[in-house]
Each structure stands twice: as structure tokens, then as C-alpha cells.
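I opened the model and went through it one topic at a time. These are my notes, in the order in which I made them.

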Amino acid sequence: MTDATELLPCPFCGGDAEIVDAVEAGSQAKVVCCKKCMCSSRVVFALMDDVIFDLVSAWNARADLARPVTVAEAAKVLIAEINRPATQEDKPDWRYLSRLDLPSLRALSQGGE
Ligand SMILES: [Zn+2]
């Protein structure tokens with residue numbers, strides 16, 4: 001697990017990220033930026049409590065979703081979906097299903113590790 005203020009690598013390019021000061025509509029704000037591809041998080045106004053924690057958690061959640069899943073993780077998600085009884089309001093957990101990337105699915109289909 002990472003420190004509460006430690007930023008995971010950029011979900012798009014894997015570059016290092018940093019928290020930078022910004023001015024949005026004349027107000028002080030902070031934003032997480034990738035030093036390599038310059039993508040950024042949403043802007044959070046400095047007036048809010050726990051600005052850094054909020055920014056870091058949001059960035060790290062996105063970075064974690066972009067991480068390629070292992071075959072074991074992919075298999076676990078698929079098995080859970082297959083075994084889950086269907087109810088009317090039951091929906092697949094797309095947040096995790098969306099992490100099933102092509103290399104993982106390919107590896108699963110080939111029965112590899
Ligand atoms: Zn990047």
C-alpha cells in the first residue's frame with residue numbers, strides 16, 4: 001500500500017506525477033499533473049479540507065484502474081461474475097471488468113499464467 005500522499009505513476013504513460021499550484025477563476029487551487037505527458041487530475045480548490053488527500057486518492061484510484069490486471073485477477077473477476085446469481089438490479093462490476101485488458105484475456109484464453 002502506498003503512503004497517503006504518494007502519487008502512483010501516470011495511468012496513461014507511466015510517468016511521474018506531482019501536485020502543482022494552479023489558479024482557477026482567480027482562486028488558488030491544486031491539481032495533479034503528469035510530468036511526462038502533462039495530463040492532469042481535476043482541479044481542487046485550496047479552500048477545501050484535505051486537498052492533498054483528496055487529490056492523491058483520486059489520482060491513485062485512476063492509476064490503479066489503468067494498471068494491467070494479472071491473469072489471476074482477471075480469472076477471479078470472471079469467476080465471480082459467472083457465479084453471481086442474477087437479480088434485476090444486479091449489474092456486473094464494470095469498474096473491475098474494464099480492467100480486463102487484451103493481454104490478460106489473451107493469456108486467459110491460452111490458459112497461461
Ligand atoms: Zn502521463
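I began with A29, whose bridge partner in β3 is F45. I then followed the pairing: β2 (residues 27–34) and β3 run antiparallel and are joined by two bridges. I took strands as paired if DSSP finds at least two bridges between them. Helices (H or I, at least four residues) and strands (E, at least two) are DSSP runs, numbered from the N terminus. The open sheet has three strands in the order β1-β2-β3, with antiparallel pairing. Its edge strands, each pairing on one side only, are β1 (17–24) and β3 (44–45).

**Basis of the notes**

I noted that this is a predicted model, in which local features need pLDDT of at least 70 and side-chain atom pairs count only at pLDDT 80 or more, while totals for chains, interfaces and linings use all residues. Residues are numbered from 1 along each chain as its sequence is written, and side-chain values use heavy atoms, with hydrogens and water left out.

**Whole chain**

I counted four helices and three strands, in the sequence pattern β-β-β-α-α-α-α. Of the 113 residues in the chain, 26% are buried. Buried means under 20% relative accessible area, exposed over 50%, and partly exposed in between (1.4 Å probe, protein chains only). Among contacts with a separation of 6 or more, 40% are between residues 24 or more positions apart; contact means heavy atoms within 4.5 Å.

**Zinc site**

Which atoms coordinate the zinc ion? I found C10 (SG), C13 (SG), C34 (SG) and C37 (SG), at 2.3 Å. Donors are N, O and S atoms within 2.8 Å of the metal (3.2 Å for Na, K and Ca); water is not among the atoms, so sites may look incomplete. The spacing of the donor residues in sequence is C-x2-C-x20-C-x2-C. The arrangement is tetrahedral because the four donor atoms subtend angles of 97 to 115°. For four donors, tetrahedral requires all angles to lie between 85 and 135 degrees.

I also checked accessibility: C13 is partly exposed at 27%, whereas C34 is buried at 1%. Beyond its neighbours within four places in sequence, C10 contacts G15, C34, C37, C39 and W59.

**Core**

I looked up the largest nonpolar core, which has 11 residues, including C10, C34, C39 and W59. Such a core is a set of buried Ala, Val, Leu, Ile, Met, Phe, Trp, Tyr and Cys residues joined through side-chain atoms within 4.5 Å. The elements giving two or more residues to this core are β2 and α1 (51–66). The most comes from α1, with four residues.

N60 lies in helix α1. Is N60 buried or exposed? N60 is buried, because its relative accessible area is 11%. A polar atom of the N60 side chain lies 2.8 Å from the backbone oxygen of E6.

I placed A46 in the loop between β3 and α1. With 38% relative accessibility, A46 counts as partly exposed. Not counting residues up to four places away in sequence, A46 touches Q28, A29 and V51. The C-alpha atoms of A46 and S27 are separated by 8.1 Å, and the two residues are 19 residues apart along the chain.

Conventions:
Tetrahedral: all angles 85-135°; square planar, octahedral: opposite > 155°, others 65-115°. Polar contact = N/O pair within 3.5 Å; in protein donor to acceptor, adjacent residues only side chain to side chain.
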